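Here are my notes for you, written as numbered points. Keep the picture open while you read.

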Amino acid sequence: MVIIIKTRKIFNSIRAKIFISYAVVSIIPLILLTNILLNSLESYYVKEKSRSMFRQANIISTNLMVRGFINDSSGIKDYVSIIGGQDFERIVILDVKSKVKFDSNGIDTGKSYAKQEVIDALGGQSSSVFKKSMNLAKVVTPIKDEKKDEVHGAIILTNSYDDINNSISSLKSISYLIILALLILILTLSYNFSGLITKPFKKLLVSINKITDGNVDEKIDIKGNNEIEEIGTAFNHMTEKLQQVDESRRQFVANVSHELKTPLSSVKVLAESLLMQPDAPKELYKEFFEDISKEIERETTIINDLLTMVTLDKNENELNISETNINLLIESILKRLKPLADIKGVEMVFESYREVIAEVDKTKISLALTNLIENGIKYNKEYGTIKVTLNSDYQNAQIFVIDTGIGIPKESINKVFQRFYRVDKTRSRETGGTGLGLSITHQAILMHQGFIRCSSELGSGTTFEVSLPLKRPIHDNI
C-alpha cells in the first residue's frame, strides 16, 4: 500500500510538472512577444506623430514666409487663428534673434528663448522631443527662405502624448484580453496534453501495483512509435523475466525437494525391509546397510552442492584472489581425476601453448574446472578421450575441455547451466550427478567476470569454452 501511494504521488507530481512546463513555455514567450509588439507600435506611433508635427510646422513656416508675416505679430496671430483647428496645444514662433513673436498661450510673448533646440533651429537644424513621463510631444523647426537659404526664425509646436497613450492603452486592453483567452486555452490544452502523456504511465502504475500484489504475468499495452512505447516494451520484457525467475524458483524448490526426498525414500524403504525381516541373514543386512550408506552419501553430496551454490549466490561473497599458475592447476586436477578416468579407460590429454598466470580464486576455479573435466569422464564413452587445452592473449586465459562422449541434444545446450537440469535423468543418477555441477561452474566463472560457452553434437562429444581475465577486474565484488 505504501508503494502504491508513493507511486501515485510520483505520477501526480510528473503530471503537474509537465502541465506547468508546457504552460510556462507557452505563456512566457506570448507575454514577451506581446510587449515587444506594443513597444514596436508605440515607436511607430511616435515616429508618425513626429512626421505629422514636422509636416505641419513646415507648412506654417512656408506660409509665414510666403505671406511675409514673420515680422508682423498681428499677421501671425491672424494666421494662427485660421489654422487653430490643427489641434496643437501650443504654437510658439520666434524671430531670428530667438525672441518670441507669438505664443498661442500668451505666456512668453516678447521673451527670448535661449534653449539648445531653439539655437539649433536658428542654425537650420530641426529637432523633436517626446517624453511619455511628461506627456510632452514637441518639434522645433526653422523658418527658412529656401530660395536664399536664409533662416528667419523658428517654430515650436507642442502637443500632448495622450493620443499615443490612448492608442497603446487600447491595444494593451485588447492584448490582455487575447492573452487571457489564450492563457485559458493553453492551460486547458496543457492539462489535457499532460494527461495524454501521463496516461501510459498511469497504465504502467496499475500494472506495477498488480505485480506488487503478486500478479507477475501482468502485461501492459502501449501503442505508438515513441519512447513511451519502448518503456512499455521494456516493462513487458521485465515481467517476462520475472515470470522466468518465478518459474525457476518454483522449479528449483521442486527439484530440491525431489532430490532430497529420493535418497531419504530409498533409505526408508531399505530400513523398513530390514525391520520386516527380523531373521534376515547377516549378508543381507550388510548389503542393505551399504545401500543406505550410498544413499546418505548421495544426500550429503546434494546438500554440499546446495551449500556451495548458496555461497556463490551471495552478493557479499568475496573472491580470495591470488596469482595462480593455471597450467599447474589443470595438471593437478587431471592427476586427481585420473583414477576415475582409468575405470572407464578414458584417456586425458593436456595441451598448453604457454605458461598462463592469472589472478583468480584458486579454490573456486579449481572447483569449476573439476566439474567440467569430471563430467567429461562420467558422460564419455568407454576408452574415449578428454582433451584440455590452455592458451592466453594479453587479457584473457582460454580453456577448452573437449570430450568424445555422448553429447548433448541441441535443444538442451542452452539449459545445461540451469540448476538441477539433466539431459538424461536416468543416466545422471547412474553416474551420481546432482544437476548442480555446471550451475556451480557457471556461477564461479561469472564471479571472475569471465564467461563459459557450450557446444555439442549428439553422439560425438561436447566442448566447453572458458575465458578468464588474467588481471583482477576493478569491479569484481559481486
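1. First, a term: a residue is buried under 20% relative accessible area, exposed over 50%, and partly exposed in between, using a 1.4 Å probe and protein chains only. In this chain of 478 residues, 38% are buried. Bear in mind that this is a predicted model, where local features need pLDDT of at least 70, side-chain atom pairs count only at pLDDT 80 or more, and totals for chains, interfaces and linings use all residues. Residues are numbered from 1 along each chain as its sequence is written, and side-chain values use heavy atoms, with hydrogens and water left out.

2. Now the overall make-up. The chain has 10 helices and 12 strands; these are DSSP runs (helices H or I, at least four residues; strands E, at least two), numbered from the N terminus. A contact means heavy atoms within 4.5 Å. Take the contacts between residues at least 6 apart in sequence: 66% of them join residues at least 24 apart.

3. On the strand 2 side, Ile93 stands opposite Phe102, while Val92 has Asp103 as its bridge partner. On the strand 5 side, Ile91 stands opposite Leu157. Strands 1 and 2 form a hairpin with 4 residues between them, and Ser98 in the turn has a positive phi of about 65°.

4. Is strand 1 mostly covered or uncovered? Mostly covered: 6 of its 6 residues are buried. In a regular strand the side chains alternate between the two faces of the sheet. Here Arg90, Val92 and Leu94 point one way, and Ile91, Ile93 and Asp95 the other.

5. On to the rings. Rings of Phe, Tyr and Trp (its six-membered ring) pair if their centres lie within 6.5 Å; planes under 30 degrees apart count as stacked, over 60 as edge-to-face, and the rest as tilted. That rule gives 2 aromatic pairs. One is Tyr44 with Tyr45, a tilted pair at 6.0 Å centre to centre and 55° between the planes. Phe417 and Phe464 make an edge-to-face pair, with 6.3 Å between centres and 70° between planes. Phe417 sits in the loop between strand 10 (396-403) and helix 9 (425-430) and Phe464 in strand 12 (residues 461-469), so this pair ties together parts 47 residues apart in sequence. Phe417 is buried at 17% relative accessibility, and so is Phe464 at 6%.

6. Last, look at Lys381, in the loop between helix 8 (362-378) and strand 9 (385-392). Lys381 is partly exposed, at 40% relative accessible area. Leaving aside neighbours within four places in sequence, Lys381 is in contact with Val346, Thr404, Gly405 and Gly459.

Notes. Pairing = 2+ DSSP bridges.
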